[in-house]
Amino acid sequence: MRGLFISLEGIDGSGKTSLREWLLSNLIGFDVITVREPGGTVISEKIRAILLDVRSQGMTSSSEAFLYAAARSQLVEEVIKPALNAGKVVIADRYLDSTIAYQGYGRGLDLRFLNTLNELCTGGLRPDLTLLLDLEPLEGQQRRGTAAPDRLEKEGLEFQDKVRRGYLEIARLQPQRIKVLDASKNLNEVGEKALEYIREKLLEER
């Protein structure tokens, strides 16, 4: 029996990683694994280091998109597909919607090109459920505090606002898959709402 694939999306500082860990602790009775993008495999982590390094300033938007796709392709083949085939619940901290939101709405790359790239690098594998943590960019920046920003976090509030609006447009176009969570609420409230959506999806899959 195939497992369940859940992705977590949102701007930087929206709480995806915290929610991922919360769900890992609270999805009782399920065999759950979590992954992050870019990363999750030896090769993908090396690509992550290049993408987030503040010294990678000369990177073009197209190169950025291809690198994310390469990291994702490795993760899908090496980790996600085998886990789903083994009946596990896979929770991904970012997946294909990040490419559309960041490189599409944020960078201005052609959306059709990016959708094709996503299809190629994932073999058409889409999440069963995507939880979008929606948050004002300024609050996301404040949450990150004094931590040194990575290359994308250094893009600033205007860029994060474009990404946020992109995410909300993607959610509007795909309401069956993407559920929007108010990430300004505390973690337990966000987590309980996320669990509600996950339980609904599990019932649908039976």
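Glu45 is partly exposed in this predicted model, at 29% relative accessibility. Its side chain meets that of Arg36 in a salt bridge, with 2.8 Å from N to O. Arg36 is likewise partly exposed, its relative accessible area being 33%.

A second pair involves Arg72 and Glu37, whose closest N and O atoms are 2.8 Å apart in a salt bridge. Arg72 belongs to helix α3, whereas Glu37 sits in the loop between β2 (32–36) and α2 (42–52), so this pair ties together parts that are 35 residues apart in sequence. Are these two partners buried or exposed? Arg72 is buried, at 1% relative accessibility, and Glu37 is buried too, with a relative accessible area of 7%.

In general, an α-helix has 3.6 residues a turn, so residues three or four places apart point the same way. Lys201 and Glu204 form a salt bridge, and their closest N and O atoms are 3.1 Å apart. As for accessibility, Lys201 is buried, with a relative accessible area of 10%, while Glu204 is exposed, at 54%.

Salt bridges with shared partners also join Glu9, Asp12 and Arg94 into one network. How many salt bridges does a search of the whole structure find? The search finds 21.

The remainder of my remarks concerns helix α5, residues 111–122. This helix has 12 residues and reaches 16 Å from its first C-alpha to its last, close to the 16 Å expected at 1.5 Å a residue. Which residues of α5 are buried? They are Leu114, Leu117, Asn118, Cys121 and Thr122. Viewed down the axis of α5, the buried residues fall within an arc of 110 degrees, so they line one face of the helix. The cover over these buried residues includes α3 (61–85) and α4 (96–106). Helix α3 is also where Arg72, the salt-bridge partner of Glu37, is located. On the face of α5 turned away from its buried side, we find the exposed residues Arg112 and Leu120.

Finally, the two ends of α5. At its start, a side-chain oxygen of Asp110 comes to within 3.1 Å of the backbone nitrogen of Arg112. After the helix comes Gly123, which has a positive phi, near 65 degrees.

Conventions. Residues are numbered from 1 along each chain as its sequence is written. This is a predicted model: local features need pLDDT of at least 70, side-chain atom pairs count only at pLDDT 80 or more; totals for chains, interfaces and linings use all residues. Side-chain values use heavy atoms; hydrogens and water are left out. Helices (H or I, at least four residues) and strands (E, at least two) are DSSP runs, numbered from the N terminus. The expected span of a helix is 1.5 Å times one less than its number of residues. Buried means under 20% relative accessible area, exposed over 50%, partly exposed in between (1.4 Å probe, protein chains only). The arc is that of the directions from the helix axis to the C-beta atoms. Contact means heavy atoms within 4.5 Å. A polar contact is a pair of N or O atoms within 3.5 Å; within protein, one must be able to donate a hydrogen and the other to accept it, and residues adjacent in sequence count only if both atoms are side-chain atoms. A salt bridge is a side-chain nitrogen of Lys or Arg within 4 Å of a carboxyl oxygen of Asp or Glu.
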